[in-house]
Amino acid sequence: MSSMKRILLFIAFVLSTTLFLFFFVTPNHADQLDDLTKQINDLTSQLNQSVNATRPLESQLTSMQQQIADIKTQVANIDADVAQKQKNIDEGYKNIVQQEQLLNVLIRNYYIKTSYTNPLLIFFSTSSIDQITRTLAYQQAAVNQDKQQITNLALSIVDLEQKKKDLQDEETRLSALKANLDDQSAKLDKIVQGAKAYQASLSNQIAQLSAQQQQLLAAKLGSLGLPTSAYTTSGGCSSDLTNGKDPGFSPKLGLFTYGVPHRVGMSQYGAKGRADAGQNSDTILHAYYNFDSLQNMSGITIKVNDGDGFNTGNIIWTGSLEDYVKRIYEVPDNWPIESLKAQAIAARSYVLATTNNGAASICTTQSCQVFKTDPKGGNWDSAVNQTTGQVMVQGGQPIKAWFSSTAGGYFHSSSDVGWSSTSFTKSGFDGTGSVNSFADLNNNAYDKSSPWFYCDWGGRSAYNGTAWLKPEELADIVNVLLLAQADSSTQKHLSQTDKPNPDGVETWDSNQVKQELQNRGITPFNTISSGSVNADFGSGTTTTINFTGDGGSKSFSGNDFKNYFNLRAPSNINIVGPLYNIEIR
């Protein structure tokens, strides 16, 4: 027998008690590799679809990156398993030299027993038939045992060779899979970076509205008379969903905003909701502000002017800090006493911070805080007296305790809304439990009782004063944003059609906008049939808005759509905050 055959038999012999068991216990990864390959192919298909679409959404790309990371982890596990198999085979080869003599003895004994044993010799060397029978039986049993052992070794070597072949196949496929995975991962990374760059460029392009257009947006927003004070009883939602205020057409679509600007500091209706839930004024204030302590700062004189800001107009009233706060009309008098006390401390802190402890004067309007020369009296007077002189301080100085009527379930830091960063303002969800949906927000927000919690803003007398839009009107706004994305040089022509163009150029009507899109190879919308939004409920921001109509399906960033909605929507119809939703009736 050749040396190679003896070695192969020996391998089978040795590994029959080691690798033979290992290969039967450890699963072959062919099915898993098939599954991973399918996942790679699926990802590649998704990636190609994303690239061929208008532009891949960053959230989709992030999800795909996570899938690739998960696949890489699985591949690494398989790689380690294959390496262990190879290590065991290598160990088997190292033992061949030590076991070769044993293998040779086994083969030689079998050869002797089968080739040189003569039955006649046994017959003449024994003294009885019984002894002859026992000797022949023993001899045959020994031969059969050697034969069975060698047969088992032969079968084991065949199986081992197949397992080695399977292992080599796994290694080849694993290598190809890893190369494909690296290739697709690199492509995806390139697409992600490109998409981010594109989205940043696109956002910069379409956010660069002309100065005149920005003035138009400011004027539209200002015309709404948004109720920043909870004491205000005028104004409200243009299209009351509860009472079903009818514009006279159907279907109708509306963009509804949660809360009103500016959402920094205390939400007055939120404070009421917290007081209704049993919180005291100190807990309420700490929910909205960072401050070191409450400090008594009585004895300071406050001056009030008749302008619309600080140190503007003529001085119309002068008095003590406590007399000033007793004349603040920011919240209804019948609210829970703890919410009134929180408002009194916030008002006291705000006036001291904004006037430099009385050095400057303050106005009487919502631009500052609502003031009347007559004391408010009632429960408000009691709340002021119970908190006499109390001011929120940080670093020994009063904090500028901003507040507004309704924050829509969230409060924001000053930097969140584009103001200078401050250490005393906070960001967070203003409600109980968690918020993962609009339903959670509607049920759990502390300021949900506000009449301005969820509103559409603006309106047209021709449609019962509502802010509802027709499907073709919303389609026009979508077309305007599509055109602005395709060619930012067109934006000066895209202002609302029912007012003079702020840039003094021609305003393109809906037909002209559709023609401009077609000229650029883009299918315009004639009507919108459905819409939805995606929101970040952690920060209270609409991230994307999605539309479906006769022009297909399109998605836009929440901020970009808000800007162009406000620019193009008729009359003074506005989205007034970062978190909004679409309603279709």
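1. Helices (H or I, at least four residues) and strands (E, at least two) are DSSP runs, numbered from the N terminus. Strand β5, residues 315–320, holds isoleucine 316. The model is a predicted one: local features need pLDDT of at least 70, side-chain atom pairs count only at pLDDT 80 or more, and totals for chains, interfaces and linings use all residues. Residues are numbered from 1 along each chain as its sequence is written, and side-chain values use heavy atoms, with hydrogens and water left out.

2. Isoleucine 316 first. Its relative accessible area is 44%, so isoleucine 316 is partly exposed. The classes are buried (under 20% relative accessible area), exposed (over 50%) and partly exposed (in between), with a 1.4 Å probe and protein chains only. Asparagine 305 is eleven residues away from isoleucine 316 in sequence, and their C-alpha atoms are 5.4 Å apart. Contact means heavy atoms within 4.5 Å. Beyond neighbours within four places in sequence, isoleucine 316 is in contact with Val304, Asn305, Asp306 and Thr364.

3. Next, the cores. A nonpolar core is a set of buried Ala, Val, Leu, Ile, Met, Phe, Trp, Tyr and Cys residues joined through side-chain atoms within 4.5 Å. The largest such core has 55 residues. Met266, Tyr289, Tyr324 and Met392 have the most contacts inside it. Elements giving two or more residues to this core include α10 (281–288), β4 (301–305), α12 (337–354) and β7 (390–394). Helix α12 supplies the largest share, nine residues.

4. Tyrosine 324 deserves a look. Not counting residues up to four places away in sequence, tyrosine 324 touches Ile302, Val304, Trp317, Val351, Ile362, Gln369 and Phe371. There is also a second, separate core of 50 residues. Among its members are Leu483, Ile545, Phe556 and Leu579.

5. Now the salt bridges. The term requires a side-chain nitrogen of Lys or Arg within 4 Å of a carboxyl oxygen of Asp or Glu. The count by this rule is eleven. One joins lysine 252 and aspartate 246, at 3.9 Å, N to O. Lysine 252 is buried, at 12% relative accessible area. Aspartate 246 is partly exposed, at 44%.

6. Arginine 520 pairs with glutamate 516 in a salt bridge, the closest N and O atoms being 2.8 Å apart. Arginine 520 is partly exposed, at 32% relative accessibility. Glutamate 516 is buried, at 12%. Salt bridges with shared partners join Asp487, Glu516 and Arg520 into one network.

7. Last, a helix pair. The axes of α8 (residues 211–222) and α17 (residues 558–568) come within 9 Å and cross at roughly 80°. Helix α8 is therefore roughly perpendicular to α17. Axes are lines fitted to C-alpha atoms, for helices over the stretch in contact, and angles run from 0 to 180 degrees between N-to-C directions. Angles of 65 to 115 degrees count as roughly perpendicular, under 35 as roughly parallel, over 145 as roughly antiparallel, and the rest as oblique. Gln213, Leu216, Leu217 and Lys220 of α8 make the contact with Asn563, Asn566 and Leu567 of α17. These residues divide into three nonpolar, three polar and one charged.

Technical notes. Nonpolar A, V, L, I, M, F, W, Y, C, P; charged D, E, K, R; others polar.
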